[in-house]
Amino acid sequence: MNAQANRYASREDFHTIFSEHRTELYQLSFLLTRDPARAERCLVSGIEDCVTENRVFREWARSWAKRTIVQNAIRELKPRASQSTSPLSGAMFSDVDQHSKGPGGHFEIDAVLRLADFNRFVFVMSVLEHYSEHDCALLLGCSARDIREGRTRALKELATSSQTEPSDNQLFVQEKN
């Protein structure tokens, strides 16, 4: 029984994750909510959710911590595809690099924060956090097509803004581990 219990993340494991990765987790929360107070609420709720509610394998604990933050931000803002009124034209793009500024997938943080809620959530979840279209659709309560369209709108807006607003304040798209 003890060996099986060690397979699961403990309260202490989650406290360690939130302590060691506080900045990264707060940035995720802030990018989703666009508001420091909401970001803090989502982060704190994420900690509470992780230590009280869920039994998850230790190897998945960090991903689970991020997921709880995403879920709390979704509950807080309730982003919907219908809120994104940007016109969508042209092909659906699946290659992030063709819309990013410079090599390696750089995006301006301010430009990301200006995206409509739904498009921002889709961008952060699918591009920065590498959630699948299916997972994004399940979490956001919409179709995979809505996710593709939201990601396309976000990438087009970010590509346009990156051509006009050079800055040192950038996010980097990292390779999926």
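Biologist: Which residue forms a salt bridge with Glu 76?

Modeller: In this predicted model, Glu 76 pairs with Arg 38, and their closest N and O atoms are 3.4 Å apart. Glu 76 lies in helix α5 and Arg 38 in helix α4, so the pair ties together parts that are 38 residues apart in sequence.

Biologist: How many salt bridges does the structure hold?

Modeller: The structure holds 12 salt bridges. One of them joins the side chains of Glu 129 and Lys 66, at 3.1 Å from N to O. Because Glu 129 lies in the loop between α7 and α8 and Lys 66 in helix α5, this pair ties together parts that are 63 residues apart in sequence.

Biologist: And is Lys 66 buried or exposed?

Modeller: Lys 66 counts as buried, since its relative accessibility is 14% and the cut-off for buried is under 20%. Glu 129 is partly exposed, with a relative accessible area of 21%.

Biologist: Changing topic, which residues touch the most other members of the largest nonpolar core?

Modeller: They are Phe 123, Met 125 and Leu 140, in a core of 44 residues. Helix α7 gives the most to this core, with 8 residues.

Biologist: What does Leu 140 touch, not counting residues up to four places away in sequence?

Modeller: The residues that Leu 140 touches include Ile 74, Phe 118, Met 125 and Ile 147.

Biologist: Lastly, what does the secondary structure come to?

Modeller: The protein has 9 helices and 2 strands.

How values were computed:
Residues numbered from 1 in each chain as written. Predicted model: local features only at pLDDT ≥ 70, side-chain atom pairs only at ≥ 80, totals over all residues. Heavy atoms only, no water. Core = buried A, V, L, I, M, F, W, Y, C linked by side-chain atoms within 4.5 Å. Buried < 20%, exposed > 50% of the residue type's maximum accessible area, 1.4 Å probe, protein only. Helix = DSSP H or I, 4+ residues; strand = E, 2+ residues; numbered from the N terminus. Contact = heavy atoms within 4.5 Å. Salt bridge = Lys/Arg side-chain N within 4 Å of Asp/Glu carboxyl O.
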